[in-house]
Amino acid sequence: MTKTKGLLVMDVDSTLVQEEVIDLLGAEAGLGEKIAAITERAMNGELDFKQALEERVSLLKDLPEAIFEQVFQKIHFNRGAKELVNELHRRGYKVGLVSGGFHETVDHLAAAANIDYVVANRLEVKNGLLTGRTLGDIVTKEVKVAKLKEWAAENGLTLDQTIAMGDGANDLPMIQTAGIGIAFCAKPIVRQQAPYQINEPDLYKVIEIVDGVKGKR
């Protein structure tokens with residue numbers, strides 16, 4: 001068995017993909033602006049993420065489960081997403097997703113991009129309708145850090161062999177914990193505190209950072 005050389009863990013909404021999926025769901029519910037405003041405040045670190053998620057999910061109550069299929073058609077990978085995953089796999093890395101979004105869409109994205117690990121939130125459905133609640137633990141900033149550490153340990157990696165990337169305040173602790181922490185087209189608070197940043201929507205630029213860091217080590 002080949003030894004894993006490294007691990008990239010990244011956020012999904014506005015990082016792996018261009019959109020914020022909960023905002024797309026909100027638009028379908030006719031509450032797009034209201035939900036997007038809460039998302040924006042949470043991403044900027046102005047609101048507690050868990051509380052903000054619960055508030056937004058409650059607004060989705062009574063949407064049909066079929067909504068996920070409609071919304072999935074409106075999600076687009078950021079440029080370089082699949083190329084990045086393929087190149088990291090070629091180099092012996094594993095790739096994981098940690099998302100404050102939902103398994104209902106994230107699992108499809110992970111399959112399409114050949115991702116190794118996924119953790120996300122799950123929406124409760126009863127009789128084919130969303131209840132406005134989530135199931136199980138919510139993916140908070142603490143969970144993102146825990147998964148980075150857990151997946152690294154599982155592969156016999158130290159944290160300096162890991163990369164973490166995201167765009168919102170919820171991603172900052174994970175970004176600051178990893179060996180290489182990257183703010184991707186991120187909110188100002190994240191750009192200010194992340195060791196590295198990518199400010200154009202091209203995920204393959206991660207490889208430039210990784211190669212640059214390796215060159216210095």
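Helices and strands here are DSSP runs, numbered from the N terminus: a helix is a run of H or I with at least four residues, and a strand is a run of E with at least two. Counted that way, the protein chain has 10 helices and seven strands. Its radius of gyration, taken over C-alpha atoms, is 17 Å, close to the 17 Å that the globule rule (2.2 Å times the number of residues to the power 0.38) gives for 217 residues, so the chain is as compact as a globular protein of that length.

Before going on, a word on what you're looking at. This is a predicted model, where local features need pLDDT of at least 70 and side-chain atom pairs count only at pLDDT 80 or more, while totals for chains, interfaces and linings use all residues. Residues are numbered from 1 along each chain as its sequence is written, and side-chain values use heavy atoms, leaving out hydrogens and water.

Now for the overall build. The C-alpha trace spans about 55 × 40 × 30 Å along its principal axes. Of the 217 residues, 51% count as buried, meaning under 20% relative accessible area with a 1.4 Å probe, protein chains only. Look at contacts (heavy atoms within 4.5 Å) with a separation of 6 or more: 61% of them come from residues 24 or more positions apart.

A volume is the space filled by probe spheres set on the points, which are joined across faces, edges and corners.

The largest pocket holds about 200 Å³ of space. Helix 3 (49-58) and helix 7 (141-154) each give its lining at least two residues. Among the lining residues are Phe-49, Lys-50, Lys-141 and Glu-142.

What about closed spaces? There's one cavity of 30 Å³ or more, and the largest cavity has a volume of about 150 Å³. Its lining has 14 residues, with Asp-13, Glu-20, Phe-49, Gly-100 and Gly-101 nearest the centre. Helix 3 brings the largest share, three residues, while helix 1 (21-28) and strand 2 (93-102) also supply at least two each. So Phe-49 turns up in the lining of both the largest pocket and the largest cavity.

Methods. 1 Å grid on protein atoms, 1.4 Å probe; cavity = no way out; pocket = protein on both sides within 12 Å on 5 of 7 lines; lining within 4 Å. Buried < 20%, exposed > 50% of the residue type's maximum accessible area, 1.4 Å probe, protein only.
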